[in-house]
Amino acid sequence: MPTDTRIPAAVTSAGSVRSSAGRPRRGARRWPNPLSALVLVLFLVFFVLPVVWLLLAATKTDDQLVHGNPLSFGSWHALADNWTALTSFQDNAIFQWLGNSAVYSFIALVITLCVAIPAGYALAMNHFRGRRTLLVATLVVMLMPNATLVVPLFLEVNAVHLIGSMWSIILPYSFYPFGVYLTYIYFSTSLPRDLIAAAELDGCSQFGVFRHIALPLAMPVVALVGFFSFVANWTNYFLPYVLLPESDQFPVQVGLGNLLNAVPQFNPTVGTAAVQRPELALATLLAITPVLLVFLFSQRFLVAGMLAGATKE
């Protein structure tokens with residue numbers, strides 16, 4: 001005897017009502033969460049507005065900067081005058097400081113990558129006596145503020161007679177325990193062990209495994225370590241301020257301190273070589289531009305590197 005398996009219309013309509021009530025219809029407009037919107041606005045005000053003000057400050061005269069609208073554009077003529085005054089300060093000292101920062105940061109970056117990546121791989125893939133002690137020491141040094149290391153570093157650099165040379169900055173910059181620990185986490189969690197075992201069975205040496213298998217797979221985390229190392233080197237102020245006695249050896253961060261001391265509003269004892277506040281704002285923009293460019297060109301690798309090690313094999 002045939003049976004009617006059709007669902008009554010009332011049940012069908014009720015089911016469709018429950019389905020439509022359980023989840024929003026496709027194409028329906030969602031209003032943003034007010035709390036999320038408020039947090040985003042606060043972040044916008046806190047982070048973006050100072051940068052906008054800094055960009056606009058370089059286009060103004062000192063009087064416009066103090067008495068004008070903070071978020072108004074000055075003039076291209078004032079920007080050109082500020083550029084001329086800044087580049088004439090101590091015979092183009094700003095470009096020499098930028099060049100010094102580039103030399104210190106990039107040489108230290110190369111040494112960091114050549115040391116930190118193999119060290120992290122060795123700690124992750126080999127078990128030896130003292131390995132745990134090395135990991136704990138790396139983590140402790142990584143968590144220590146940089147200011148606490150300045151005096152010990154000064155004593156060590158002074159003991160080998162490197163005070164005042166570029167190596168007194170490059171060698172401490174190259175010591176980057178965060179890069180070692182980050183690389184160790186990546187290799188210990190994301191590197192396929194079966195792939196390494198297969199390479200070793202084929203007769204590949206430890207260095208060959210690292211060079212031909214581990215290193216190509218680790219390029220995102222290498223880019224991440226390189227970016228963090230470059231930013232830390234470029235923005236370091238206290239160490240070169242202590243170790244470098246001559247102005248022509250300063251990186252740009254210490255040079256900005258010299259410019260700040262030459263602003264009459266901050267140092268009333270300044271002489272004829274005075275620097276106005278819009279010129280200081282322009283110098284600050286020049287100092288942060290390399291970091292911004294490196295970030296823009298490497299952001300794809302940075303995102304991949306931040307996700308590296310998030311899952312286990």
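**A loop and its surroundings**

Guide: Asn126 is placed in the loop between H5 and helix H6 (131–143). The model is a predicted one, in which local features need pLDDT of at least 70 and side-chain atom pairs count only at pLDDT 80 or more, while totals for chains, interfaces and linings use all residues. Residues are numbered from 1 along each chain as its sequence is written, and side-chain values use heavy atoms, with hydrogens and water left out. Helices (H or I, at least four residues) and strands (E, at least two) are DSSP runs, numbered from the N terminus.

With a relative accessibility of 28%, Asn126 is partly exposed; buried means under 20% relative accessible area, exposed means over 50%, and partly exposed lies in between (1.4 Å probe, protein chains only). When neighbours within four places in sequence are left aside, Asn126 is in contact (heavy atoms within 4.5 Å) with Arg131 and Gln206.

Let us turn to another loop. Gln90 and Asn92 are both found in the loop between H4 and H5. Gln90 has a positive phi of about 50° although it is not a glycine, and Asn92, also not a glycine, has a positive phi of about 60°. Gln90 is partly exposed at 44% relative accessibility, and Asn92 is partly exposed at 39%.

Apart from neighbours within four places in sequence, Ile94 is in contact with Leu86, Thr87, Val252, Ala283 and Leu286. Ile94 and Pro251 are 157 residues apart in sequence, and their C-alpha atoms are 9.2 Å apart in space.

Val252, one of the contacts of Ile94, is among the buried residues of H14. Helix H14 (residues 252–261) is mostly covered, with seven of its ten residues buried. These are Val252, Gln253, Val254, Gly255, Leu256, Gly257 and Leu259.

In helix H4 lies Asn82, which is buried at 8% relative accessibility. Residues up to four places away in sequence not being counted, Asn82 touches Ala58, Thr59, Lys60, Pro278, Glu279 and Leu282.

The aromatic rings come next. Rings of Phe, Tyr and Trp (its six-membered ring) pair if their centres lie within 6.5 Å; planes under 30 degrees apart count as stacked, over 60 as edge-to-face and the rest as tilted. By this rule there are 16 aromatic pairs. Trp83 and Phe95 form an edge-to-face pair, at 5.8 Å centre to centre and with 65° between the planes. Trp83 lies in helix H4 (residues 76–87) and Phe95 in helix H5 (residues 93–125), so this pair ties together parts that are twelve residues apart in sequence. Trp83 is partly exposed at 36% relative accessible area, and Phe95 is partly exposed at 38%.

Tyr176 and Phe178 also form an edge-to-face pair, 6.0 Å centre to centre with 75° between the planes. Here Tyr176 is buried at 16% relative accessible area, whereas Phe178 is partly exposed at 30%. Ring pairs join Tyr176, Phe178, Phe227, Phe228 and Phe295 into a cluster.

A pair of helices deserves attention as well. Axes are lines fitted to C-alpha atoms, for helices over the stretch in contact, and angles run from 0 to 180 degrees between N-to-C directions. Helix H11 (residues 206–217) and helix H12 (residues 219–234) pack at an angle of about 65°, their axes being 5 Å apart. H11 is therefore roughly perpendicular to H12 (angles under 35 degrees count as roughly parallel, over 145 as roughly antiparallel, 65 to 115 as roughly perpendicular and the rest as oblique). Leu215, Pro216 and Leu217 of H11 meet Met219, Pro220 and Val222 of H12 in this contact. Its residues comprise six nonpolar, no polar and no charged, where Ala, Val, Leu, Ile, Met, Phe, Trp, Tyr, Cys and Pro count as nonpolar, Asp, Glu, Lys and Arg as charged, and the others, Gly among them, as polar.

Finally, the whole chain may be considered. The protein chain has 15 helices and zero strands, and buried residues make up 33% of its 313 residues. Of the contacts in the chain with a separation of 6 or more, 71% are between residues 24 or more positions apart.
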